[in-house]
Amino acid sequence: MCVCVRKPGYDSSLTDAQWAVVEPLLPRAHPSVGGRPRVHSRRLVVDTISYVLASGCAWRSAPRDLAPWTTAYQVFAAWTADGTWQRVRDVLRDRVRERDGRDPQPSAASLDSQSVKTSEGGERIGYDAGKRVRGSKRHVLVDTLGLILGMAVTSASVQDRPGARRILTGIRRAFPLLELVWADGGYVNSEDATLVDWARRQEKAEIVAVPRNADVAGFQVLPRRWVVERTFGWLTRCRRLTRDYERKTARAEAMIQFAMIRLMAARLADEHIEPRGPIETEAARRLAEDLKD
């Protein structure tokens, strides 16, 4: 295990406490080319990836005092291909839940999607007529703490119900106790109940709609659904995720995985971030009330 201690060079860099959480879960050596020995430490490589994620810059624009962008990109792509990011995310999620006094296996979750503009095109691009966005769509399933259980990135033209079926497929096998999924009215349609029927029959999960109040105009903090909305707020703190800059779907998903890893590592290191915006402020208030009870 690396015991090096240093002052982070950039705000995006992992602190010593965060690195202590993440480092044991990463592969012992990052991919080599032609059998050459490793020149740059894993921590420097991870900090380079973190800089790209947090700042939103191009890989080629990473600072020269970090790892070379070619090395960082190679490691990022390799760890995407072998599932490293997802494995680390799953381990940290279980630890956060246990630390919060919860069962690692969730029994309820929230489901939603987010359409974002794309910058480069790539494998998936389409038009979301409802949001009037040309780009890609992020389908996300989170637990009651807002931690990601499942996700998929598709073309923005993919409707919510097909996207939900994609991330819910096999969810019962991954999370045997999961029985309840909250979603908005777009997933529970009286004219098309195929998703609800399929989830109940195939995954033994009940999808329950949490509708908006039609009498209230503008922004609303909705019961249960604010949890997944807050997760989207967490993700878009990373400038790389305010748009979709990735050409490959797997790497777009990996960027989201790494953003959650950074967030959970900070939480496990007792380095909490102050809430921002109306959703996170309201979420913090509700959580404080729950703790009082």
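1. Buried here means under 20% relative accessible area, exposed over 50%, and partly exposed in between, with a 1.4 Å probe and protein chains only. By that criterion Arg225, Trp226, Val227, Val228, Arg230, Thr231, Phe232, Trp234 and Leu235 of helix H8 are buried. Helix H8 spans residues 225–235 and is mostly covered, with nine of its 11 residues buried.

2. The model is predicted: local features need pLDDT of at least 70 and side-chain atom pairs count only at pLDDT 80 or more, while totals for chains, interfaces and linings use all residues. Residues are numbered from 1 along each chain as its sequence is written, and side-chain values use heavy atoms, leaving out hydrogens and water.

3. Helices (H or I, at least four residues) and strands (E, at least two) are DSSP runs numbered from the N terminus; two strands pair if DSSP finds at least two bridges between them. Strand S1 (residues 108–117) runs parallel to strand S5 (residues 180–183), joined by three bridges, and Ala108 stands opposite Leu180 in S5. Four bridges join S5 to strand S6 (residues 206–209), also in parallel, with Val181 opposite Ile207 in S6.

4. Ser110 lies in strand S1 and is buried, with a relative accessible area of 2%. Contact means heavy atoms within 4.5 Å. Not counting residues up to four places away in sequence, Ser110 touches Val140, Leu141, Val142, Trp182, Arg224, Val227 and Val228.

5. A nonpolar core is a set of buried Ala, Val, Leu, Ile, Met, Phe, Trp, Tyr and Cys residues joined through side-chain atoms within 4.5 Å. The largest has 50 residues, and Ile49, Trp85 and Leu241 have the most contacts inside it. Its largest share, 12 residues, comes from helix H9. A second, separate core of 19 residues includes Leu149, Leu168, Ala183 and Tyr187.

6. Leaving aside neighbours within four places in sequence, Ile49 is in contact with Trp59, Ala72, Phe76, Trp85 and Phe258.

7. The axes of H2 and H9 come within 11 Å and cross at roughly 105°. Axes are lines fitted to C-alpha atoms, for helices over the stretch in contact, with angles from 0 to 180 degrees between N-to-C directions. H2 is therefore roughly perpendicular to H9, a label that covers 65 to 115 degrees (under 35 is roughly parallel, over 145 roughly antiparallel, the rest oblique). The contact is made by Val46, Ile49, Ser50, Val52, Leu53 and Ala54 of H2 and Met255, Phe258, Ala259 and Arg262 of H9.
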